[in-house]
Amino acid sequence: MKGIELLNELNAEYLKVHEDYEWNFWESYMGDKSKDEDFIETKKKLENFKTDKESSSKILEAYEAESNPDIKKRLGYRKQFFELYQMPEELKGLRDSIMELEQKIDSNRKTRETGYKDPQTGEFVKMSIGVMRSKMMTESDENMRKVYFR
């Protein structure tokens with residue numbers, strides 16, 4: 001396969017996996033829990049594309065065989081891209097597990113109730129993290145600043 005054809009093929013494949021990842025990221029990030037699993041799957045596909053040894057080898061071969069300086073330069077960029085993302089196969093499972101844990105943490109963070117326990121009444125007072133942070137900086141009562149901090 002010629003260098004330019006390989007670049008076009010890889011660029012189209014990257015565009016597809018990256019667009020899928022972006023759509024699922026934003027839907028999941030904005031709170032659509034039904035997209036959490038889709039997000040993880042598209043993130044894995046994106047990471048697998050970046051770490052694909054076969055694509056890296058094809059780019060290297062095309063780079064070494066290319067005589068057109070403009071195409072060789074573009075192949076060099078893609079070659080560098082794949083070199084930056086290579087990882088040992090035995091670590092890919094760990095990477096996937098970490099992604100799943102990060103998603104669970106993010107999901108829990110989005111759905112947890114935030115606030116503080118009022119030291120006088122013992123009742124939980126709902127309050128956003130941003131408001132507590134602001135109160136922590138402006139409250140004159142040191143004990144209440146500590147309550148907001150916790």
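**Note on charged pairs and a surface patch**

1. Start with helix α5, which spans residues 89–111. Lys-92 and Glu-89 both sit in this helix, 3 residues apart, about one turn of the helix. Their side chains meet in a salt bridge, 3.0 Å from N to O. Keep in mind that this is a predicted model.

2. Lys-92 has 12% relative accessibility and counts as buried, because buried means under 20%. Glu-89, at 46%, counts as partly exposed.

3. Arg-95 also takes part in a salt bridge. Its partner is Asp-96, and the closest N and O atoms are 3.2 Å apart. Arg-95 is buried, and Asp-96 is buried too.

4. A separate network deserves a look. By the rule used here, the count comes to 13 salt bridges. As background, side chains of opposite charge can pair when their charged atoms come close.

5. Asp-20 and Lys-16 form a salt bridge through their side chains, at 2.7 Å from N to O. Asp-20 and Lys-16 are 4 residues apart in helix α1, so about one helical turn separates them. Asp-20 counts as partly exposed, at 29% relative accessibility.

6. Now Lys-44, in helix α2. Is Lys-44 buried or exposed? Lys-44 is buried, because its relative accessible area is 14% and the cut-off for buried is under 20%. Leaving aside residues up to four places away in sequence, Lys-44 touches Arg-95, Asp-96, Met-99 and Glu-100. With Glu-100 there is a polar contact between the side chains, at 2.6 Å. Arg-95 and Asp-96, both touched by Lys-44, are the salt-bridge pair of point 3.

7. Last, the surface. Which residues make the nonpolar surface patch of about 380 Å²? Trp-26, Tyr-29 and Met-30 do. Met-30 lies in the loop between α1 (3–29) and α2 (36–50). Met-30 is exposed, because its relative accessible area is 64% and exposed means over 50%.

Technical notes. Residues are numbered from 1 along each chain as its sequence is written. This is a predicted model: local features need pLDDT of at least 70, side-chain atom pairs count only at pLDDT 80 or more; totals for chains, interfaces and linings use all residues. Side-chain values use heavy atoms; hydrogens and water are left out. Patches are made of residues with over 30% relative accessible area and no salt bridge: like charges are joined within 9 Å, nonpolar side chains (Val, Leu, Ile, Met, Phe, Trp, Tyr) within 5 Å. Accessible areas come from the Shrake-Rupley method with a 1.4 Å probe; for residues, only the protein chains shown count as cover. A salt bridge is a side-chain nitrogen of Lys or Arg within 4 Å of a carboxyl oxygen of Asp or Glu. Helices (H or I, at least four residues) and strands (E, at least two) are DSSP runs, numbered from the N terminus. Buried means under 20% relative accessible area, exposed over 50%, partly exposed in between (1.4 Å probe, protein chains only). A polar contact is a pair of N or O atoms within 3.5 Å; within protein, one must be able to donate a hydrogen and the other to accept it, and residues adjacent in sequence count only if both atoms are side-chain atoms. Contact means heavy atoms within 4.5 Å.
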